[in-house]
Amino acid sequence: MTRWIGIAAIAAAVIVSAALAQSPAGRQGVGSQPGGQPGAQGRVPQGPAPTHADLDYAPPEPTTSNGHKLDLYVPKEFGGPLPAVIWTGGSAWMADTGKRTAGGLAAQLNPAGYAVAGVSIRSSSQVRFPGQLHDIKAAIRWLRANASTYNLDPRHIAIMGDSSGGWTTAMAAVTGDAPEMEGSVGTTGVSSQVQAAVAFYPPTDFLTMDAWALQKCSPANCHDGELSPESRLVGCAIQTCPDKVQAANPARYITAGDPPIMILHGNSDLLVPHNQGELLYMALNKACRDAVFISLPRAGHGPWMGFLTNDTLREAATMRSTSATGCMVTNPVPYTPTWKTVIYFLDARMKG
């Protein structure tokens with residue numbers, strides 16, 4: 001494929017292939033992990049050891065931070081250069097350990113011909129927004145600038161993440177053509193654009209999170225509170241500084257240059273309301289961008305791998321899509337997401 005043909009066509013092909021993915025041979029049961037190993041409701045398995053561990057993509061800041069480190073998982077059985085997928089895990093922006101869970105992704109994507117980069121970014125106690133966005137962009141630029149050293153394809157870099165890592169994923173995807181959000185961390189003068197993005201239950205419009213929460217919050221646990229993860233990220237109680245908060249909303253940056261984005265969100269999420277992922281999808285829909293939204297009525301706030309492996313979480317799931325080609329829309333259809341869903345989505349953009 002030499003040109004992106006529109007995500008609605010990709011979604012249709014994924015639906016057609018669903019019978020194989022959901023057959024006894026291709027479907028994994030409740031409580032199983034990829035590879036047939038017993039697991040606990042889709043928790044992330046340890047995966048392989050990194051091929052290259054604790055690489056500095058920028059100098060540490062502060063000096064005690066791990067937020068500028070990455071791990072690389074590069075399969076040896078493929079020729080190169082290989083497309084790369086970044087993983088950055090969520091922590092409510094409170095930890096600098098986002099690379100820690102990348103091994104579970106590498107276990108799935110390495111056999112499919114992808115290198116995986118587990119990337120950590122700084123916590124909200126180490127830097128305020130937009131520092132986290134500057135960090136992930138620095139990691140993308142570093143990977144692109146050093147691609148030949150590690151057998152990576154600099155033309156094909158994707159990003160994935162869950163929760164606050166899903167927000168990082170979405171922000172990186174839609175700001176590749178926003179120079180004002182680039183920052184000056186680490187390697188500069190190289191593109192930070194990505195070619196595809198997969199975001200699991202991302203917070204997006206912080207100002208509406210309490211209004212759409214499934215349960216009434218106590219004052220100490222409200223997103224609007226001055227000590228909430230979102231308020232800590234931007235440095236103010238979010239309802240008191242709406243302009244600063246909207247600068248952290250990925251929907252604000254959507255343009256025609258954005259890559260295809262897949263969003264997965266659970267309707268039963270008690271921490272990040274389902275409407276947060278849906279708001280981003282609908283903004284992409286109205287802008288006629290390439291996007292897929294997979295909604296899982298029974299899923300809560302993760303575990304993200306369970307969205308692709310756990311039958312209980314995937315029960316009654318649906319998929320819908322929109323395409324830049326003719327602003328075509330595919331209405332929600334029953335669909336059970338699997339690893340094949342993610343890999344096919346990546347293949348369409350990353351192996352063209």
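Predicted model: local features only at pLDDT ≥ 70, side-chain atom pairs only at ≥ 80, totals over all residues.
**Positive phi angles**

- Cys 327 has a phi near 50 degrees, which is a positive value in a residue other than glycine.
- You'll find Cys 327 in the loop that links strand 9 (318–322) with strand 10 (329–334).
- Asp 54 is another non-glycine residue with a positive phi, this time near 55 degrees.
- Asp 54 sits in strand 1 (residues 52–56), and with a relative accessible area of 43% it is partly exposed.

- Strand 2 (residues 69–73) runs antiparallel to strand 4, and four bridges join them.
- Within strand 4, Gly 118 is the residue that stands opposite Asp 71.
- Strand 3 (residues 82–88) also pairs with strand 4 over four bridges, but in the parallel sense.
- Here Trp 87 has Gly 118 of strand 4 as its bridge partner.
- To get from strand 3 to strand 4, the chain passes through helix 3 (residues 102–109), making a right-handed β-α-β crossover.

**Asp 269, a buried charge**

- Asp 269 belongs to the loop between strand 7 (261–266) and helix 8 (274–286).
- Although Asp 269 is buried, it has no salt bridge; Arg 320, the nearest side chain of opposite charge, is 14 Å away.
- What does the side chain of Asp 269 make a polar contact with? One answer is the side chain of His 301, at 2.8 Å.
- The Asp 269 side chain also reaches the backbone nitrogen of Val 272, at 2.9 Å.
- Leaving aside residues up to four places away in sequence, Asp 269 touches Tyr 201, Leu 214, Ala 299, Gly 300 and His 301.

**Cis peptide bonds**

- Going from Phe 129 to Pro 130, the peptide bond is cis, with omega near 15 degrees.
- Pro 130 lies in the loop between strand 4 and helix 4 (131–145).
- The bond from Gly 302 to Pro 303 is cis too, with omega near 0 degrees.
- Look for Pro 303 in the loop between strand 8 (291–296) and helix 9 (306–309).

Key: Residues numbered from 1 in each chain as written. Heavy atoms only, no water. Helix = DSSP H or I, 4+ residues; strand = E, 2+ residues; numbered from the N terminus. Buried < 20%, exposed > 50% of the residue type's maximum accessible area, 1.4 Å probe, protein only. Lys, Arg positive; Asp, Glu negative; His and termini not counted. Salt bridge = Lys/Arg side-chain N within 4 Å of Asp/Glu carboxyl O. Polar contact = N/O pair within 3.5 Å; in protein donor to acceptor, adjacent residues only side chain to side chain. Contact = heavy atoms within 4.5 Å. Pairing = 2+ DSSP bridges. Right-handed = clockwise from strand over helix to strand, strands pointing away.
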